[in-house]
Amino acid sequence: MRRLAGRREEQRPLEEGRRLPLRPWQIRERHFNVRRRGLDPVEIRSFLHRVADELAVAQTALVAVQEENVRIKNALRAWQSAQAADRHYR
C-alpha cells in the first residue's frame, strides 16, 4: 500500500489474530497486484470506494448510537438516584 502525506500506514495487528478496525481511507487507498488475467482495476477501485463510503456512514452512525447510549444511561442513573433519594425521605 502506498503512503500519502499525513496518513498513517495500514494498521498492524494489536495481537495475533486481532486487528484494529479498518478506516475508509484504508479501503480507498488499498492497491492489489495486477495479474495477467486479473480483475478489472477500474471495477475494483469503484467497489472499494463504495465500500469505504458505506463504512464511513456506518462508523458515523455507530458514534451517534454510542453517544445516545451514554446519554440514556446517564439519564437512567439520575432518575434512579432521584427515586432512591425520594424513597429514603419517605
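This is a short tour of the model, stop by stop.

**Before you start**

This is a predicted model, in which local features need pLDDT of at least 70, side-chain atom pairs count only at pLDDT 80 or more, and totals for chains, interfaces and linings use all residues. Residues are numbered from 1 along each chain as its sequence is written, and side-chain values use heavy atoms, with hydrogens and water left out.

**Whole chain**

Select the protein chain and colour by pLDDT, the predictor's confidence in each residue, from 0 to 100. The mean is 82, and 79% of the residues reach 70 or more. Switch to cartoon: there are 2 helices and 0 strands. Both are DSSP runs, numbered from the N terminus (helices are H or I, at least four residues; strands are E, at least two).

Now show the surface. The chain exposes about 8400 Å², with 53% supplied by carbon and sulfur atoms. Accessible areas come from the Shrake-Rupley method with a 1.4 Å probe; for residues, only the protein chains shown count as cover. Of the 90 residues, 9% are buried. Buried means under 20% relative accessible area, exposed over 50%, and partly exposed in between (1.4 Å probe, protein chains only).

**Residues 1–14**

Select residues 1–14. Here pLDDT stays under 50, and the model has 20 contacts beyond four places in sequence. A contact means heavy atoms within 4.5 Å. Where pLDDT is low, the predicted coordinates should not be read in detail.

Go to helix α2, residues 41–88, and pick Arg 50. Arg 50, at 54%, counts as exposed.

Show the neighbours of Leu 48. Leaving aside residues up to four places away in sequence, Leu 48 touches Ile 27, Arg 30 and Phe 32. Next, draw two C-alpha distances. Leu 48 to Gln 26 is 9.6 Å, across 22 residues of chain. Arg 50 to Ile 27 is 9.4 Å, across 23 residues.

**Largest pocket**

Last, select His 31, Phe 32, Asn 33, Val 34, Arg 35, Gly 38, Leu 39, Asp 40, Pro 41, Ile 44 and Arg 45. These line the largest pocket. On a 1 Å grid over the protein atoms alone, a pocket is an open set of points where a 1.4 Å probe fits, with protein on both sides within 12 Å along at least five of seven lines; lining residues have an atom within 4 Å of a point. The lining divides into 5 nonpolar, 3 polar and 3 charged residues.

Methods: Ala, Val, Leu, Ile, Met, Phe, Trp, Tyr, Cys and Pro count as nonpolar, Asp, Glu, Lys and Arg as charged, and the others, Gly among them, as polar.
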